[in-house]
Amino acid sequence: MSSAAEPFTLAIPDEQIAALRAKLELATFPDELQDAGWDYGAPLADIKRLVARWKDGYDWRAEEKRINDELPMFTTDIDVQGFGNLNIHFVHQKSTVVDAVPLLFVHGWPGSFLEVRKILPLLTATSPEHPSFHVVALSLPGYGFSEAPHQKGFGIEQYAEVGNKLMLALGYNEYVTQGGDWGYVITRVIGNLYGGKHSKAWHTNFPIAAPPAFTKAPFSFMSFLVTPFTAEEKAGLARTAWFRSKGRGYFAEQSTQPQTLGYGLADSPVGLLAWIYEKLVVWTDSYPWTDDEVLTWISIYLFSRAGPAASLRIYYELGGNSSSSISSVGPTIPMGVSSFPKELLVVPIAWVRSAFNVVFESKHKSGGHFAAHEKPDELVGDLRKMFGKGGKAFGVVPGKTGFA
């Protein structure tokens, strides 16, 4: 199933850094309409400023050292059925509490393993007041420093298989999961495929559910018909409508012709920067990104093991996957939900309750798509409540309460 884990140190070759600077020196920028703002995409002034910083002021080596110092990283081989061994990169930080709750954190796009950076010390912290966690955060195959699949058809079930086998290889036969974006989809499938035996509960900051159907949930359906939406729910549905009409262009391209787009992202660091920077700004709730934060986020994609194009293929594979494990039927294991108003899809919690076994829910007044990065204290606070004493998922992993 897996070889022994090997310590991993991030060390990008000097040649790659020099090539980046050379390409930035030769950057050609498009023109821009007067007063365009964000209406047409990432503003020219922003991209020029970021490119100048990336070329002359940003210190990748200093950031690389900080990542190595903060995150205990490893690689191991995972045998994926039908696809052979893939060398997987991951962060693994154990709590000093022996009976801490094992937690698998799964990122999405355009995120990476770095999304665990702010929540890692909070999750592993010890206190008589809240549970502690043993944390594993993998780089999904094709992301960061994990090997990319080499064959077509590597879909959500395979990503779920990698996550489950990684936890088992690390000695966590029973565990809980947390994820947003693709992390939501993957941990949901982990719950469907491995729920009960291995995956004991899941939590997401990206709850997606359709309106209740009469044939599946008649009482919820009737309640949906007669209960008016609250002002909060109307705002969430408006946000969802905006995203579906104005924010899904990237999804159409990445799920149909990822290779075509991949040439631009792999060859042009400016193109990659603009493609992802737009999402970092528009998908968050006025989060105050620093230029260096943005550039580190983008650099992980640029310097990734397989290159940025590999991260797009999950969209294509989902589009062609009709597996029953990605059906409308959700896991029966306990589910926790944290809702943030500037998420991309914001649906009434009643819809989520009708689809899943929701045992914990929390609504926040601010925050967007990248909860672990934008709102680390709030996200971890919710996990502590869900799995802490009095929470309905307390002790869900037998013998692992997280309390010293």
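Here are a few notes on the salt bridges in this predicted model.

1. Overall count. Searching the whole structure turns up 18 salt bridges.

2. Arg61 and Asp14. These two pair up with their closest N and O atoms 2.5 Å apart. Arg61 sits in helix H3 (residues 60-70) and Asp14 in helix H1 (residues 14-25), so the bridge ties together parts that are 47 residues apart in sequence. As for solvent, Arg61 is partly exposed at 32% relative accessibility, while Asp14 comes out as exposed at 53%.

3. Lys23 and Asp267. Here the side chains meet in a salt bridge at 3.2 Å, N to O. Lys23 belongs to helix H1 and Asp267 to helix H10 (residues 258-267), so this pair links parts that are 244 residues apart in sequence. Lys23 has 36% relative accessibility, and counts as partly exposed.

4. Glu25 and Lys55. The closest N and O atoms of this salt bridge are 3.7 Å apart. Glu25 is in helix H1 and Lys55 in helix H2 (residues 44-56), so parts that are 30 residues apart in sequence get tied together. Lys55 has 19% relative accessibility and counts as buried, because the cut-off for buried is under 20%.

Note on methods: Residues numbered from 1 in each chain as written. Predicted model: local features only at pLDDT ≥ 70, side-chain atom pairs only at ≥ 80, totals over all residues. Heavy atoms only, no water. Salt bridge = Lys/Arg side-chain N within 4 Å of Asp/Glu carboxyl O. Helix = DSSP H or I, 4+ residues; strand = E, 2+ residues; numbered from the N terminus. Buried < 20%, exposed > 50% of the residue type's maximum accessible area, 1.4 Å probe, protein only.
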